[in-house]
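The sequence and the structure are shown first, and the description follows.

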Amino acid sequence: MARGPLLSYLLLLAQENLEFRLPEIKSLLSLCGGQFSSQQEIRINSPFWILNIPSEEMARGLMERTVCAKSIFELWGQGKSAEELYTSLKNYPMEKMVPYLQSNSTYKIQIHAFNKTLTQEEKIKRIDALEFLPFEGKVNLKNPEHIFWSLEDYGMDPNNIPEEPLDLYFGRWIADGQRELIESYSVKRRHFIGNTSMDACLSFIMANHGRVKANDVVFDPFVGTGGLLISSARFGAYVCGTDIDYNTVHGLGKASRKNQKWRGPDENIRANLRQYGLEKYYLDALISDASKPIWRKEMLFDAIITDPPYGIREATRRTGSQKEILKATERGTENHISISSNYHLSDIFFDLLNSAAEYLVMGGRLVYWLPVYKPEYTEEIIPRHPCLKLISNCEQMLSSHTSRRLITMEKVKEFEDKDQYSHLLDYQSLLYKGHNSFREKYFSGVTKRIAKEEKDNQK
């Protein structure tokens, strides 16, 4: 890819979900037809990244989807000091500035400092120092045609803020990201929620990691209250899911909200999508056991995005044997909960990967959460499959001793019957079995913490 001032863009990122930012940006650039490439080494935790992007159109496409980035700018200059910044700006090709500095245009200049608060006097001083730029238009603070930003980076440590900025940037604002989706789709406002409804920001991150786009078909095999369907539908995909829990899928039984005993008659997955004007993208949710195949043997889904149960707040269940079901029938059971048996976490992930390998289109993505016990974590415990390539692996802390990792995989090989049992021949399958005791390890840590707190209180 060619390098040059026209291709240099400055990305201003939110300082949350740091591990998820790079995979999201890479996924969205590839979705827009580009490829991730940096003009300088990216400081992963920094809020400022310089990217090489082929066109402004692609930059806008990136910002139409990202929830990890705040804004993007066409970079006109940068430096380690004000003098370096001004020299860089003076060397920026005049022909690339002129279209935005015309006498019949309006503009304003914004000053932004990261990790430091500037006074109004300091901001005005910085704007006055840019008088050498050939602005011929009129200043319009309310509704300008062009907005220019001067950005200063004072590092990451709020307890050790340097006198002078570490880096300075100046650029033309192109577009903002989709940060407002986090609030407008907040679970707090959601019509139908459960104990494990996914945070809105993480839901959109998962859809972006899965490169979900308009007219895709997206499937969630552990659909629950359908929170993950909403983010994909927001991006124009048709969505469907399955779950073993009849009551949750149909919105029956006890409510998850405080001060509400029972779910209302209109609390269901369809109502969630209707709430956001997305009902037309809802295909259906079926009552089904994730360990049992229900689909015809062909590639059906563009993405599978899911949050399997870990056995903490939701049980890991699958349907029992025919013998158990017959015994239940003899007892005259009259409810919608079939006899179930334990569904080991390792089996959940093997079934999930096999299902993704079989039913994803080529190039389709599987995005799911994998719970881990941190003292025993190594990359080797991440389940693998010959048809799926690992794209990214991001950690979110759950406690001092547990976390969950957002795993993104891409289908790179057509599924064959022999691939279904390939993990049994892999020595790593023994490592995967460690997931089965995640619940016990999780609660053992909780018990130890409570005991420590009680001991400390007695001192």
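## Strand β7 and its partners

In this predicted model, isoleucine 72 stands opposite alanine 175 of strand β7. The two residues belong to a pairing in which β3 (residues 69-79) and β7 run antiparallel, joined by eight bridges. Strand β7 is also joined to strand β6 (residues 146-153), again in the antiparallel sense, by six bridges. In that pairing, glutamate 152 faces leucine 168 of β7. Strand β7 comprises residues 167-176, and eight of its ten residues are buried, so the strand is largely enclosed by the rest of the structure.

## Aromatic pairs

The model contains 21 aromatic pairs. The rings of tryptophan 76 and tyrosine 92 have centres 5.5 Å apart and planes at 20°; because planes under 30 degrees apart count as stacked, this pair is stacked. The pair links distant parts of the chain, 16 residues apart: tryptophan 76 lies in strand β3, and tyrosine 92 lies in the loop between α3 (82-91) and α4 (94-97). Tryptophan 76 is buried, at 3% relative accessible area, and tyrosine 92 is buried as well, at 5%.

A second pair is formed by tyrosine 107 and phenylalanine 148, whose ring centres are 6.4 Å apart and whose planes meet at 70°, so the pair is edge-to-face. Here too distant parts of the chain are linked, since tyrosine 107 is in strand β4 (residues 106-114) and phenylalanine 148 is in strand β6, 41 residues apart. Tyrosine 107 and phenylalanine 148 are both buried.

## The seven-stranded sheet

Seven strands form an open sheet of mixed pairing, in the order β10-β9-β8-β11-β14-β16-β15. Strands β10 (282-287) and β15 (388-397) are the edges, each pairing on one side only. From one strand to the next, the twist averages 15°. Within the sheet, β14 (residues 360-373) pairs with β16 (residues 402-411) in the antiparallel sense over nine bridges, and tyrosine 368 stands opposite isoleucine 407 of β16.

Helix α1 (residues 18-31) packs on this sheet, where it touches β14, β15 and β16, and its direction makes about 150° with that of β15. Helix α8 packs on the sheet too, touching β8 (217-220), β9 (238-243), β10 and β11 (301-306); the direction of α8 makes about 170° with that of β9.

## Helix α1

The buried residues of α1 are Phe20, Arg21, Leu22, Pro23, Glu24, Ile25, Ser27, Leu28 and Leu29. Just after the helix, glycine 33 takes a positive phi of about 95°.

## Alanine 233 in helix α8

Alanine 233 is part of helix α8, which covers residues 227-234. With a relative accessible area of 1%, alanine 233 is buried. Leaving aside residues up to four places away in sequence, alanine 233 touches Val239, Leu273, Leu278 and Tyr281. The C-alpha atoms of alanine 233 and tyrosine 276 are 9.6 Å apart, while 43 residues separate the two in sequence.

## Cysteines and buried residues

A search of the whole structure finds zero disulfides. Cysteine 394 is accordingly in no disulfide, and the nearest cysteine sulfur, that of cysteine 68, is 9.1 Å away. A disulfide would require the two sulfur atoms to lie within 2.5 Å. Cysteine 394 is buried, as is cysteine 240. The table gathers relative accessible areas for several buried residues.

| Residue | Relative accessible area | State |
|---|---|---|
| Cysteine 240 | 8% | buried |
| Cysteine 394 | 1% | buried |
| Alanine 233 | 1% | buried |
| Tryptophan 76 | 3% | buried |
| Tyrosine 92 | 5% | buried |

Methods
Residues numbered from 1 in each chain as written. Predicted model: local features only at pLDDT ≥ 70, side-chain atom pairs only at ≥ 80, totals over all residues. Heavy atoms only, no water. Buried < 20%, exposed > 50% of the residue type's maximum accessible area, 1.4 Å probe, protein only. Helix = DSSP H or I, 4+ residues; strand = E, 2+ residues; numbered from the N terminus. Pairing = 2+ DSSP bridges. Contact = heavy atoms within 4.5 Å. Axes fitted to C-alpha atoms, helices over the stretch in contact; angles between N-to-C directions. Phe/Tyr/Trp six-rings, centres within 6.5 Å; stacked < 30°, edge-to-face > 60°.
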